[in-house]
Amino acid sequence: MSRIGKNPIDIPSGVEVSVGASEIQVKGPKGTLKTPVDSAVEYKIEDGKVFVNRVDDSRRARAQHGLRRTLLANCVEGVTKGYAKTLEVIGVGYKVSVQGKKVVLNVGYSHPVEFDLPAGLEAKAEGAKLIVEGIDKQLVGEVAAQIRRVRPPEPYKGKGIKYIDEFIRRKAGKSGK
């Protein structure tokens, strides 16, 4: 039995979960999210909790059991609390700013790099830090990774865009005579 899949998902007050034929819709104070339904698992809503059970013990059903429960739990947490990723811009003259739905990065190129935010995400710039916020965990993580790819941190001087909790292993570089 999946250790993750057998745990029920608590539905907080103010959150509605409706199971459809092809997707589950989760409505909450921050917005609405949808996650697809798999035929290998079944969903039961009772007493303010969602139980995810697999239909049989096939390999596919065992694989989907924990996955579908986690995806639904992420939707419930997203519409109640939301998700955020914090990036840090390190380097002399490196700057980040937010202009409406655009993130403008000055990270050592001859031109500023503009990154358009998809719908449903917001960004805030606080000094050398950029905070990407939204209700969809996958989208927040993907956009943060795309912004990081503009100038990944390099191991010699440590310059670049990195996650706030990321550790950059530094290299010694050339040694003089």
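**Strand pairing, cores and ring contacts in a predicted model**

In strand S12, the bridge partner of Lys85 is Val132. Two strands are taken to pair if DSSP finds at least two bridges between them. The structure is a predicted model, in which local features need pLDDT of at least 70 and side-chain atom pairs count only at pLDDT 80 or more, while totals for chains, interfaces and linings use all residues. Residues are numbered from 1 along each chain as its sequence is written, and side-chain values use heavy atoms, with hydrogens and water left out.

The largest nonpolar core has 21 residues, of which Val103, Leu105, Leu130 and Ile147 touch the most other members. A nonpolar core is a set of buried Ala, Val, Leu, Ile, Met, Phe, Trp, Tyr and Cys residues joined through side-chain atoms within 4.5 Å. Buried means under 20% relative accessible area, exposed means over 50%, and partly exposed lies in between (1.4 Å probe, protein chains only). Two or more residues of this core come from each of S7 (83-90), S9 (102-106), S10 (113-116), S11 (121-126), S12 (129-134) and helix H2 (137-149). H2 supplies the largest share, four residues.

Leaving aside residues up to four places away in sequence, Val103 touches Val96, Ser97, Val113, Glu114, Phe115, Leu117, Ala123 and Leu130. Val96 belongs to strand S8 (residues 95-99) and counts as buried because its relative accessibility is 8%. Val96 and Glu142, 46 residues apart in sequence, are 18 Å apart in space, C-alpha to C-alpha.

A second, separate core has 17 residues, among them Leu33, Val41, Val50 and Leu72. S1 and S6 (residues 49-54) run antiparallel and are joined by two bridges. They belong to an open sheet of three strands in the order S1-S6-S5, with antiparallel pairing. S1 (9-10) and S5 (41-46) stand at the edges with a single partner strand each, so one side of each is left without a neighbour in the sheet. Helix H1 (residues 59-80) packs on this sheet, touching S1, S5 and S6, and its direction makes about 165 degrees with that of S6. Axes are lines fitted to C-alpha atoms, for helices over the stretch in contact, and angles run from 0 to 180 degrees between N-to-C directions.

Another open sheet of three strands has the order S2-S3-S4, again with antiparallel pairing. Its edge strands are S2 (16-19) and S4 (31-36), each pairing on one side only, and the twist averages 15 degrees from one strand to the next. Four bridges join S2 to S3 (residues 23-28), with Val19 standing opposite Ile24 in S3. H1 packs on this sheet as well, touching S3 and S4, with its direction at about 175 degrees to that of S4.

Two loop residues deserve a look. Asp47, found in the loop between S5 and S6, has a phi near 55 degrees, a positive value in a residue other than glycine. Asp47 is exposed, with a relative accessible area of 76%. Ser13 lies in the loop between S1 and S2 and counts as exposed at 73% relative accessibility. Ser13 and Thr80 are 67 residues apart in sequence and 9.4 Å apart in space, C-alpha to C-alpha.

Finally, two charges sit over rings, in the sense that NZ of Lys or CZ of Arg is within 6 Å of the ring centre and within 35 degrees of the ring normal. Lys85 lies over the face of Tyr163, at 5.4 Å from the ring centre. The charged end of Arg151 sits over the ring of Tyr109, 4.2 Å from its centre.

How values were computed: Contact = heavy atoms within 4.5 Å.
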